[in-house]
Each structure stands twice: as structure tokens, then as C-alpha cells.
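Hello,

Here is the structure for you to look over. My notes follow below it.

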Amino acid sequence: MTNRTKTGTGLPRAAMAWLLMIAVMVAGTPASAELLIRITEGADSAIPVAVVPFSESGNLPSGDKVSSIVRDDLTMSGEFRPLPPEKMLSLPSEGAEVYFRDWRLLGQRYVLVGQLERKGDRIEARYELFDVNREQRIMGATASSSINSARSLAHHISDKVYEAITGVPGAFSTKLAYITLQRSGGQSVYRLQVSDVDGKRARVRLESDEPILSPAWSPDGRKLAYVSFETGKPAIYIHELASGDRTRIADFPGLNSAPAFSHDGRSLLMTLSKDGNAEIYKMDIQSGSLKRLTNHWSIDTEPVWDHTGEGFFFTSDRSGGPQIYHKTSENAAPRRITFGSRYNARPRPDNDGEYVYYVHQRDSSFHIARTNLQTEEETVLTRTGSDESPSVSPNGRMVIYATKKGGNSVLTVIAADGGAAYSLPSSEGEVRDPAWSPIVR
Amino acid sequence: MKVTAHHKLFAMVLSLGLIAGCSSIGDTTEDDAYGADSDVSAVDQDGGSTVYGGDDEGGVSSSEMTEEQRREAEARAEQAEREAMRDITTFYFDFDTAEIKPEARDVLVAHARYLQANPDQDVRIEGHADERGTKEYNLALGERRANAIERFLIVNGASRGQTETVSYGEEKPAVMGSDESAWAQNRRVELVFQ
């Protein structure tokens, strides 16, 4: 490690724990460059839901209210259209106060009510969700967080509401890893950061004036693998987020790039060129032993395990230009997946084997597209033009990617079918290479 | 025998005390020695050069000097040309290719010869891509470009121990911007002599 590279040490252990019963957050590195959320489009089919401001008792911290964070989360998903509180006819905080007729009048499908109470150094939330048409309570639960983690509490409630209505787990408590880049004069500063999915609570984990690329989450959400040029050449590191401990795991001659954890977290897929040109290898993290998985004179890179954990997708230009390939097992023959244009690269599959998402060139523009693996139908999802680095949310409902806006790189989130969208521009420089964390229970 | 002729001339030049001519003639090939021989008589017919006349060294010596100088001038010009060529250290590529352009070949040959002549000189070959497409594929593409240049240098005289490649992919653009002019300048390999 050179002195030009700084790690975010002394970071709170709790920062990576999505669970609510987390330790008190200790202010480590000050939150830097929070991403500002801008909702650019809403889906027409968004479900109307009323999130009534929660009643409060005890001495609760000021700042963003839990119910307004829940409202923002649901809006951000593109699948909900929360009612602004000023349009509400009443402000119930428990089931007995909910008059379905009022909410039906306002065209609402669901109503969420709740109460917040301070208990020692914790906040407790009791909340209930009602189906307005059926006049039924469909969920009631209690959750708590430390007094400083009201955001975690709110995201947890959003996850539960989302799951109760859609049947799919919410991903609001997950995290984003991404790289920011500031250029001024001839100097560049790369920062590896981790934030909430709404861009809040961003923390710098690594800072370097040489490139940092390709963050990839371990399945337990505790580690990131990435590529750093801090020694002047690309090497792969594994970074434990709670402790800040780092291991340089691959530093062979040539390329060391595109790390991707296996489902059990014990091995990494990676691209190495030590044997002549870019090939895909599997490295056992404990022993460091390597198994070569591709053998072709072309570029083979950007590997990622498929939903089974047995096979993997990768990019290869063996046909003349980059295309997506899939192997059903480590030793199977590769099958070409994409045919729609001359440039398709950087595959990212969803968790149930239905779709693979990737960067797709059409005419002179680069978009995010997906192919249905059963029907082989390809859909272009984005209308922006310099799109890169798609990452699928762990519930398969959203895709985050990097694109250009006003000459700067920003992150944009879209519904996985291309509907609603929001963007996360950085207040400083470029934001790129997003990686959506797994759901950790 | 060519060798004999060569040696005769060599001995003659030495005896005339033409140190300047000595190393040069000694280093030339036999064909050059023959050429020098015929040049001697040709220049001799001019009755000695006014430039070099005035001493007692005679027409042979002055003609030797002239030839020597002509060759040195040529060598200097060639060297200057090579050095000028070696000022070019950046080589450009088309989108998604690692093909060395024809106009780059002479310059790369000059670099290769220089490396061959200076075995202690190392060169770092840095491959780059434009911002389009994906970062990891561009890392591999930058490496492919650097490797293409490295192979060319080695085929033309550089040795493997002198070269080192690294790819930065799209991370270190030469110019900022998102148009064809910027992209064209960013799809490149740079030679960094160390």
C-alpha cells in the first residue's frame, strides 16, 4: 500500500449490518458527498399508498422523520405513488383510527400507520398496514433501532411494506458500493464509497490517486473485492468493511481484474492475463490456488456466477466483437447469449435465472439491455446514451447503472423492466461502477 | 580478394596517418571498402580538393575525408531522423482494435533499434482505451494494444527484458470529452522510457 492510498479505518462495525438490532453508530470518517436523489420518471402503474406520519412519544431525535423516509423509499422503487401528507383527511396512528371510507375517497389502495417511542437509547416502531379495498389489516409488526439509526429503522419498515404488498422482499436496507472520481488539473482522486440505496450515509472506504475499479460484494455483505492501481499496476484486493483490513489477493503480471465472489463466498472469479491474454480464473480465497476456466486467444473477461452458482456468464470477443457467453458449469462449452448488436458486454444476471442484464451498443450509443434467458428476447431498457456497469438489486426489481449527465458520470436506478427511474448525481465529480449489495438477514 | 584490397587500403590509410578515416573504414563492410576504393580514384581526378588541399597529404587523403564526412553527415541525418521519430511516443488505434497503423511502423522501428542499441534502456508500454464500452473490457483492450506494440518492438530488435506493459483501460484519458476527436486521441499506447 502506498502512502497515496488511504483506507477508511475506524469505521463503525455496524455500518454493514442491515439488521435493526445494531450497535450504536460511531462517527468515523465524516459522511462525504452524499448522493442527491432525483426522481426523473414514475411508472404509470404505480400503486397509491398512504404513509401517515407516525405519532411520536418520548424525546426523539430531530431530522428526517421515519415515515417520510418510508415514503421516499416507496417512491424510489417506482412501484408506488405515496400520497402527500397534506392531502390526508385524517392522521391515524393505529388501526382503530383508520376510516377506510376516507382513504377510498382519496383513491388509496393501502394505508400505513404507526407509532414511534423512545425506549432508553433505542427507538421502537409499532406499525400496521391496511388494504383499503378489503378493509383488512394485512401486517402489524414492531421493530427497533438505536437512537442514531432511525434511517435503518425506516428502511426496514419500507422493506416489510414492500414485501407485504408485492410478495417480493424489499431492498431498501441494502447498500451501494461505488467509485467517485474527482479530476482537477492533472490530479485524480478515486474514492471507494458505500452508502444506503438512496445515496444517504455515504462513507469513504478507500481513497487513492490511482484508479479503483469494479467493486464486488461478498454474499454476506461484509467484504468488497475490487481492483486498485495503487501500486501502479492493477491488483485485486479483498477489503473487510467493518475492520478496514485489506488483502492483496491477486497481483500477477498483466491484468488482475473483474473480481466476482462465488455464492459461498469462498472463491473469486477473476480475469488474469498472466498466461498471455485475458482469461477467466477461479481463485480459492483461502489457499490462493487457481483454476483456469477459459482458454481462447480472444479477450475473456467480466465473469459473474449465474443464479445456480455452478455456471457463469462472461464477455468474450471471440466472434470479432464483445458478446455475452454462458457456461452451465466450469467445464462446459460456452454458449453465446447476445446477437442483437456488435457490442454486448459486462453481464449481470438476476437471482432467479430469468434475465441477464448487460451493456448494449445500438448505433453509436451504449444502453443497458436485458435478455430473457428462456425466450432469448432482448429488450433495451434505457434511453440515456453512455450507459455502463449495470448492477441488479438483490430482489431483481431494480437495476442501477452509470451514465453521463452534463459531461459527468452519475448513477441511475431503473425498474428492471425499464419503467420508473431515479438518478443519484454526486455533489462532487463523477460517480461510477455501482454494485448493489446482497440482502443480508 | 576483397579482404586483401580492404587490408591494402586500410594499411595505406594508416600509413598516411589518417586516424579520422581509420575507424570508419575498418568498420565498413567489404562492399563499402570497394566503393571507397573506386571513389578514391574518382575524387583523385579532381586533382585534390580545395577544401582539404594545401598540405602534403595528397588527393587520396582529402578524398577519404570527404567520403568520411559524407557518410558521417548521412549517419547524422539518419540519426537525427530517427531521433525526431523517437519524439513520437504515442500510437493511436481504431475503436475496439489493436491493429498498429501503417504510419506508426517506421517510428516503432526507430524505437526498437534504439532499444537494441541501448540494452540498459527500459520502456513501459501503457495501453489505453476510449470511454465507450465497459471498463473491464477496455482494460483488456488496452492490454491487447500494449501487447501488440510490445511484440512489434521485440520483433524489431528490443529484448523482452526491456519492456513492461500496463493497461489503464479508459481510466487515464489524454483529453477529456465525449466526441470522436477526444475518443480518437484516447485510444492509444504510450511509450514511457525509464
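**Pro219(A) and its surroundings**

Pro219(A) counts as partly exposed, because it has 17 C-beta neighbours inside 10 Å. (Buried means 20 or more other C-beta atoms within 10 Å of a residue's own, exposed means 12 or fewer, and partly exposed is in between; C-beta atoms are placed from the backbone.) Pro219(A) sits in the loop between S12 and strand S13 (223–228) of chain A. Strands (E, at least two residues) and helices (H or I, at least four) are DSSP runs, numbered from the N terminus. Leaving aside neighbours within four places in sequence, Pro219(A) is in contact with Phe261(A), His263(A), Gly265(A) and Pro438(A). Contact means that the C-beta atoms of two residues, placed from the backbone, lie within 7 Å.

A word on the model. It is predicted: local features need pLDDT of at least 70, side-chain atom pairs count only at pLDDT 80 or more, and totals for chains, interfaces and linings use all residues. Residues are numbered from 1 along each chain as its sequence is written, while chains are lettered from A and ligands numbered from 1 in the order in which they are written.

**A sheet in chain A**

Four strands form an open sheet in the order S16-S17-S18-S19 (chain A), paired antiparallel. Strands S16 (256–261) and S19 (290–292) of chain A are at the edges with a single partner strand each, so one side of each has no neighbour in the sheet. Pairing needs at least two DSSP bridges between two strands. S18 (residues 279–284) of chain A is joined to S19(A) by three bridges. Lys282(A) has Lys291(A) as its bridge partner in S19(A).

**Where chains A and B meet**

Chain A gives 29 residues to the contact and chain B gives 17. On chain A, the elements giving two or more residues are S12 (212–217), S16, S20 (300–305), S24 (344–349) and S28 (388–392). The chain A side has twelve nonpolar, eleven polar and six charged residues. Here Ala, Val, Leu, Ile, Met, Phe, Trp, Tyr, Cys and Pro count as nonpolar, Asp, Glu, Lys and Arg as charged, and the others, Gly among them, as polar.

**Domains of chain A**

Chain A is divided into domain 1 (44–166) and domain 2 (175–436). The bounds come from an automatic or database domain assignment. The C-alpha centres of domain 1 and domain 2 of chain A lie 35 Å apart.

Best wishes
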